[in-house]
Every structure is written in C-alpha cells, then in structure tokens.
Amino acid sequence: MRLEISPVRLAGDVVIPPSKSLSHRAIIAAAMAEGRSSVTNLKFSEDIKATTEAMESLGARFQVGEDYEVIDGVDKLKRLKDEIQCRESGSTIRFMIPVALLAQGKVTFKGEGRLCKRPLGTFLDIFDEQGISYSKGEDELPLTVDGMLKPGRFRVPGDISSQFITGLLYALPKLEGDSVIEISSKLESKGYIDLTLDVLASFGIEIENRDYREFHIRGKQKYRARDYRVEGDYSQVAFWMVAGALGSNIRCHGMRLESLQGDKAIHGILKDMKAEMTEGEVITVKPSETQGTVIDLSQCPDLGPIITVLASLSRGKTEIVNAKRLRIKESDRITSMTTELNKLGARITETEEGMIIEGVETLQGGVTVSAWNDHRVAMALAMAATRCEKPIILEGAESVKKSYPHFWTEYERVGGKIKEV
C-alpha cells in the first residue's frame with residue numbers, strides 16, 4: 001500500500017486505542033482462569049488476534065465482539081492443535097512458549113516476517129537445562145518443542161527482552177513446585193514487568209518481587225476469573241502527542257494518568273524537551289519550540305521512532321542512548337528511522353546503541369520513503385509528513401494493522417490528507 005501524504009497540520013479529538021501490552025496480558029490470564037471472564041476495550045490488531053488464537057489452541061473458548069472478548073478459561077491447559085501461529089507478534093511468541101509448555105504434546109511455533117529472526121536463545125538455554133527437546137531451522141522460527149516446563153531456578157538476562165520474563169511469570173505459578181527467576185544482567189523495560197505483575201495480581205496470582213533481581217513464584221496457584229477493562233495505550237498516544245508539539249492541535253482521550261505503562265515516559269521526555277502540555281482526562285500538547293536533550297530509551301524502546309521524529313525537528317542536538325533493542329524490533333529501528341528521515345532532510349547519525357540528531361527547522365519531503373514493514377515506523381513517518389514542505393509517498397502503509405488497524409482512518413478524520421497511489 002503506497003500513500004501520498006500531504007504536509008498539513010492536524011486538528012481534532014482522538015480516542016486512543018487500548019494498550020496492546022495490557023490486552024495480551026489480560027487475554028492470557030483470563031484464558032488460564034477457570035470460569036468466565038470478560039476483557040473489554042479491545043482493538044483486534046493482528047497481534048491481539050494471534051494471542052487469542054494461541055490461547056484457543058490450548059483449550060480456552062472465546063466469544064468475540066466488536067471491542068470485547070468473553071472468555072471461558074481452563075485451569076489445566078490442553079493441546080488442541082500442534083501448531084501456534086504467532087504472525088509477527090513478539091509478545092505472542094515469547095509469552096506463549098512457556099505457557100504452551102504447560103500442556104502435554106509436541107508443538108510447533110510459527111511466525112511471519114522479521115519475527116522469524118527475532119532472538120529466542122533465552123528459552124533455548126532453558127530447554128537445554130531442563131532436557132526439553134526442540135528443533136528449528138536456520139532462523140529462530142519455526143520452532144518445534146516436545147516437553148513440559150518443570151519448576152526450578154531460571155537465569156534470564158534482563159537486557160534482551162522483558163517478554164521472556166513475562167512468559168515465565170505466567171507459566172511458573174501453574175507448576176507443581178516453587179520456582180525462582182534470577183535476572184542475570186541489568187533489567188531494562190521494568191515498566192513492562194510492572195504491567196505483568198499488576199495483571200497477574202488482578203487475576204489472583206502472587207509473585208514476590210525482590211528488587212527486580214529475583215522473582216519468587218509459588219507453585220500450584222490458580223488464576224481467578226474476573227472482568228477486565230484495558231486502558232489506553234501510551235505507546236500509541238505518543239504519536240499524537242508529538243504531532244501536537246510539532247504544530248498540530250490534537251486532544252487525546254482515554255488515557256489513565258496513574259498508568260504503570262513504561263511508555264508513559266513520553267510525558268517526561270516531552271517536558272524535558274520543553275514542550276507545553278495540559279494533562280488530565282484529556283491530554284493536549286501545544287505547538288512548541290522543542291529543545292534537544294539526551295534521551296535514555298532503555299525502559300521505553302517502543303517510543304524510539306516517534307521520538308526520533310521529534311528530535312529531528314527540535315533545536316540543537318539530541319542524543320538517543322541505551323537503545324540497542326531498537327535493532328531487534330519489527331525493523332532495525334535505528335537504521336530504518338535514520339535512513340528514511342535523512343531522505344526527508346533530517347540530520348541523523350547512527351551509533352551502535354542509539355542516534356545523534358542535529359535538529360532542522362523543517363523537513364523537505366518530495367520523496368518516497370518506506371515503512372520497512374514496521375507499524376511504528378509508518379506512524380512516525382506520517383507525523384513527520386505534517387512538517388514537510390512537499391508531500392511524501394509512504395510505501396508499506398498497511399503495516400499499521402499490526403497494532404493500530406484504524407490509524408489511517410483517524411489520521412484522515414483529524415485533517416490528514418492522504419491518497420492511495
């Protein structure tokens with residue numbers, strides 16, 4: 001899908017879609033709770049569909065509505081299918097591997113696109129330690145596993161992906177014995193672990209967090225069915241908040257100011273860059289002359305693409321640091337954002353773990369850019385287009401379906417000018 005995007009400022013009200021991170025977590029917890037739960041305020045992106053189908057393959061039953069699921073969960077998972085298709089969802093594959101190994105029988109995990117190359121070595125090390133047999137091809141996926149998870153001590157690095165830890169935190173309480181997760185290196189993305197612990201607690205699971213260095217998990221626990229409403233997504237509101245700082249007038253609805261989401265860091269980043277905003281039930285960021293600064297993305301890597309856009313149009317120099325995990329997302333987001341924004345006239349230099357950005361007054365446009373099959377790159381470039389002098393053509397615009405399937409509808413509704421070419 002190729003879209004021509006004209007450089008116009010946006011104005012209007014946007015209801016922010018629900019948190020994808022919390023949606024995954026609530027669906028899995030509800031599906032593991034015997035009895036009936038409901039998860040409301042859902043948007044059925046490709047990632048959320050993948051997690052729903054994965055839990056169906058383990059015995060949970062789903063009634064799917066327009067923006068909700070009613071879930072009849074199962075206390076003892078059973079393997080109804082010997083294949084789990086994770087599409088392009090990193091959360092699905094890393095959450096589901098430990099969970100699926102609570103059920104007997106061989107299972108093959110499959111994926112699409114760049115997911116097939118995203119690292120799974122943390123789990124393969126655990127399989128080796130526990131004597132669980134597995135096989136895979138040249139890439140990480142497909143991965144076939146035959147065996148069941150056993151309680152014990154699990155050493156997990158904290159600087160690759162918190163998703164490995166979350167997957168274990170979901171599965172280990174169901175085992176017959178107690179377990180410990182030991183974090184073997186600095187833990188990044190603590191906010192995502194906080195989300196996991198919060199959702200688990202709300203479904204009746206107790207985890208002892210020892211200063212994020214160890215997690216002690218009692219075995220033989222049961223998930224409790226409940227109704228859960230998903231809050232708005234800070235990784236998505238960030239696009240509209242930055243659009244405001246760049247000159248648009250967007251009022252953002254549906255956010256929870258007390259949220260534990262790590263991407264709530266967008267508030268602090270915007271303030272550090274001297275953006276003006278009003279906070280409350282409605283969040284508005286005013287057109288601002290933002291200033292360059294040093295931004296540490298170790299706890300909020302998903303903000304990387306849109307922060308790069310903001311920094312490119314801020315006065316002075318911005319240095320993005322501790323961002324090496326951007327290289328193992330749907331695209332290598334350091335390279336993809338550097339490549340595409342420099343085409344538009346930005347001045348970005350890659351480093352091994354981040355970027356150095358010299359701000360410019362405006363972007364040029366008038367060229368074709370690529371989304372790199374990455375939803376966050378596509379949405380970031382859409383916001384960059386509002387500050388271009390000429391239209392841009394965006395290739396791969398359909399990639400937004402991964403997390404925000406109605407993004408282009410919203411973009412047009414608040415004044416964005418797009419046409420398919």
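## Exposure and a surface-side pair

A residue counts as exposed when its relative accessible area is over 50%, and as buried when that area is under 20%. Lys117 comes in at 57%, so it is exposed. Keep in mind that this is a predicted model.

Lys117 has a salt-bridge partner in Asp139, with N to O at 3.0 Å. The two sit 22 residues apart and link distant parts of the chain: Lys117 is in the loop between strand 7 (107–110) and helix 4 (121–130), while Asp139 is in the loop between strand 8 (133–136) and strand 9 (143–146). Asp139 is partly exposed, at a relative accessible area of 26%.

## Other salt bridges

In total the structure holds 37 salt bridges. One of them joins the side chains of Asp47 and Lys20, 2.9 Å from N to O. Asp47 belongs to helix 2 (residues 46–56) and Lys20 to helix 1, so this pair ties together parts that are 27 residues apart in sequence. Is this pair buried or exposed? Both Asp47 and Lys20 are buried. They also take part in a network of salt bridges whose members include Arg118, Asp302, Lys329, Glu330 and Arg333. Asp374, Arg376 and Lys402 are among the other residues linked in that network.

Then there's Asp75 with Lys222, a salt bridge at 2.8 Å, N to O. Asp75 is in the loop between strand 5 (68–73) and strand 6 (83–85), and Lys222 is in the loop between strand 13 (214–217) and strand 14 (223–224), so the pair ties together parts 147 residues apart in sequence. Lys222 is exposed, with a relative accessible area of 52%.

The largest nonpolar core has 73 residues, and the members touching the most others are Met55, Leu149 and Phe215. Helix 1 (residues 20–31) supplies the largest share of this core, 7 residues. A second, separate core is made of 71 residues, with Leu313, Ala346, Leu363 and Val369 among them.

What does Phe215 touch, leaving out residues up to four places away in sequence? The list includes the nonpolar side chains of Ile165, Leu169, Val180, Ile181, Ile183, Ile193, Leu197 and Ile207. Ser179, Glu208 and Asn209 are in contact with Phe215 as well.

## Thr308 in helix 9

Thr308 is placed in helix 9 (residues 304–312). Its relative accessibility is 0%, so Thr308 counts as buried. The Thr308 side chain reaches back to the backbone oxygen of Gly304, at 2.7 Å. Not counting residues up to four places away in sequence, Thr308 touches Ile320, Met337, Leu341, Ile348, Met355 and Ile357.

## Ile5 and the annotated span

Strand 1 (residues 2–5) contains Ile5, which is buried at 0% relative accessibility. Setting aside neighbours within four places in sequence, Ile5 is in contact with Ala382, Ala385, Pro391, Ile392, Leu394, Trp408, Tyr411, Lys417 and Ile418. Leu102 is another story: Ile5 and Leu102 are 97 residues apart in sequence and 48 Å apart in space, C-alpha to C-alpha.

Residues 8–409 carry the UniProt annotation "domain: Enolpyruvate transferase", which comes from an unreviewed entry. In the model, the end C-alpha atoms of that span lie 16 Å apart, and the span is 30% helix and 24% strand.

Definitions and conventions. Residues numbered from 1 in each chain as written. Predicted model: local features only at pLDDT ≥ 70, side-chain atom pairs only at ≥ 80, totals over all residues. Heavy atoms only, no water. Core = buried A, V, L, I, M, F, W, Y, C linked by side-chain atoms within 4.5 Å. Buried < 20%, exposed > 50% of the residue type's maximum accessible area, 1.4 Å probe, protein only. Helix = DSSP H or I, 4+ residues; strand = E, 2+ residues; numbered from the N terminus. Contact = heavy atoms within 4.5 Å. Salt bridge = Lys/Arg side-chain N within 4 Å of Asp/Glu carboxyl O. UniProt positions renumbered as here; feature names shortened; annotations may be inferred. Polar contact = N/O pair within 3.5 Å; in protein donor to acceptor, adjacent residues only side chain to side chain.
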